[in-house]
Amino acid sequence: MTAMGKLRINICQVLVMCLAGAIAQVEIPTFLPTSDTTAKPTTLDTPLLNMWEDPTIIQGSLKSGNGTECLLYKLGLAVQITYETTDPKKFGFARFPLPSDTNVTGTCGTTNATLQFAFNNGTYNVSLFFINDDKQFEVSHAAVGWVFDPTNFPNASRKDESAVRVNTVGDLELFRAPLGQSYLCRSEDSKEMSVDVMLFFIDVQIQPFEVEGGKFGQPLECKKDMATTAVPTTMVPATTPATTAANTTFAPNTTSAMTTTAFPLYTTTVPGTTTSPPTHRGKWKIHSKNSTCLLADMAVRFEAHYKTKEGSNATAFVWFPTEATAVGSCSEQSSVIELRSDVSNLTIYFQAAADKKDWSTSSVVFSYRELPAFFIDTANPNLAHDIQTDIKLFMTSAGHSYKCDTELSVSLGDGVTLKISQLQVQAFDVQGDDFGPARRCPADLPPTPVPTMTPLCPHMPPPGKWAVKDARGSPCLLANMALQLRSHYTTPNNGTSVGCISVPTNAEATGICAQNKSELRLSFHAGQFNMTFTFSESNPNNGSKFSISQVSVEYLVNPIWFPSAQQVGARVEVTAPHMEIFEARVGQSYQCMTQTNITLNKDVSLFAQDVHLQPFSVSGYRFAKPYVCREDPAPKPWKADVVPMAVGCAIGAFVIVVALATYIVYRRKQKRMAGYSLLSTT
């Protein structure tokens, strides 16, 4: 590429970034990548960062013009880029975690702020743009810039060219939290910024507005941290490293790399670990009719946010005493245990299923007081708090106990979180004083290969709504359904795993409509995944029916959805012909809410749920009368007839009212006429 060509590319990139800055109404410094080889380290003879290397946790702050800290950050960040190679059949992947020597700059403002990361002499850049609406803040959009250098982008078709991606304002909605608070998320998270760029985050705490005293405000935890999964037992202090005062809003880098590294971004399962010392584990029993009816062994602690006398936010960490007194009761359908101590009380309600085959918790009640010994410098000494949460935990079979050594995090709301570890509990069918056979929690189980793909995949995505239009622009095929592709693949050392790819609701729909044949094609994730459903009409001259006769799937083995796959970058094509599924009469639609497994081959399956299809005889965007699949439960007769019965009653009542009104009017007229006749005769 000539020097003039490079100059044109860089000018275009600057124009794009200036446009993004105008939208966000913030000052954006020139930070675009350059393809000039002088800007790169001369000793770079290996990839900049390993594909699976974890990002360093970067922590620091920005300062405003008066020298006060105006933006606090702590996070690990990695960028993954999918790019075209010189081989048209293969894509390449480059992943760049932020190194410890990342240069951090940015701007502070009342309603807008920016945080910009640059490394490798500015060749690679990531910018996050924050906004607020006087109530809460969020990352509204981001920008990523890079150069297709041959070391980090081998076989790239755009060798040595610069690239930048700026997504639409409002698309990301990352790190959302109320003003005056900070956003906290220790768990790994990812966001698809554009069709070829993914952002990965880990161990995030950030506050871009209303920073007081250089300390993070009360953290708002992300939903992933609130789930009942293992989390670290210690909290990183909400402090920032010492920084040098700055005289301008455009703040210098004040980064200090922590000595610990982030959790792996591509970990699929985590072995259970004991996170609480044994001395904190208590053992309690509840008796009924001179026999033990409930056993509970566990270590419990709680974290509670509170206000100090100075008005700042703080967090107390308190272990539940093992000498707490246990009281409670048992019955065939419900049991309860209440643990009482001077610091706090914990009450757990258990409920058996109607058929008494399973049991779980039904609710948790927790109360505590802000004792100064634990709530240091509290503004409200001895203030009492009571919290009740309906929650299902520890679900297991009758006669069995539930066991979990891994620490579980249970959010109760109001800034209070219970941490339960070394747990074994049995609330029903206790024999003697011993626990029944234990069911282990998922977090305790080792990451072993699973022969079936269903348990490894998350819940089904929300259903998408798609339509294919004919040459006149009228819909000729309607399809509403939730879809998830599940594919076995080979990992190093000849292991196996399962990739789970949910079809997004914004997948692009195309297709064709013909007299006896129609097709629906769905394309998503920048064309890396494509699905084709072929509908055929049978017996067109004698009570014709339609069905799906063929399903084809084509996808790219991408490390985002296929972690540690041996064949990264390869394309897979699977076609299942001669099918007859989702069958209904032409002129009707097909409806099936029950989940259906469409097996394409021994390794690939497509799961469908909440299906509503009509490939022929479509009128507008409304489905015709549905044929409901046999797997869906039939509605009860009184429920099925309630609408027509109500309509019929309403019509009948209306007819009666009209008839009565007509009769009354008629009688009044008759009386008047009779009066007139009497007067005329006299």
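Where is the place of Asp 133? I find Asp 133 in the loop between strand 6 (124-132) and strand 7 (136-147); strands are DSSP runs of E, at least two residues, numbered from the N terminus.

I note that this is a predicted model, where local features need pLDDT of at least 70, side-chain atom pairs count only at pLDDT 80 or more, and totals for chains, interfaces and linings use all residues. Residues are numbered from 1 along each chain as its sequence is written, and side-chain values use heavy atoms, with hydrogens and water left out.

Asp 133 is partly exposed at 46% relative accessibility (buried is under 20%, exposed over 50%, partly exposed in between, with a 1.4 Å probe and protein chains only). I see Asp 133, Asp 134, Glu 210 and Glu 212 form a negative surface patch (residues with over 30% relative accessible area and no salt bridge, like charges joined within 9 Å).

Next, salt bridges (a side-chain nitrogen of Lys or Arg within 4 Å of a carboxyl oxygen of Asp or Glu). I count 15 in the structure.

I looked up Asp 196 with Arg 165: 2.9 Å, N to O. Asp 196 sits in the loop between strand 11 (189-194) and strand 12 (197-207), and Arg 165 in strand 8 (residues 162-166), 31 residues apart. Asp 196 is buried at 15%; Arg 165 is partly exposed at 23%.

Arg 571 pairs with Glu 554 at 3.7 Å. Arg 571 lies in strand 35 (residues 571-576) and Glu 554 in strand 34 (residues 545-556), so the bridge ties together parts 17 residues apart in sequence.

Terms used
Patch = residues over 30% accessible without salt bridge, like charges linked within 9 Å, V, L, I, M, F, W, Y side chains within 5 Å. Areas by Shrake-Rupley, 256 points an atom, 1.4 Å probe, with all protein chains shown as cover. Lys, Arg positive; Asp, Glu negative; His and termini not counted. Charge placed at Lys NZ, Arg CZ, Asp CG, Glu CD. Helix = DSSP H or I, 4+ residues; strand = E, 2+ residues; numbered from the N terminus.
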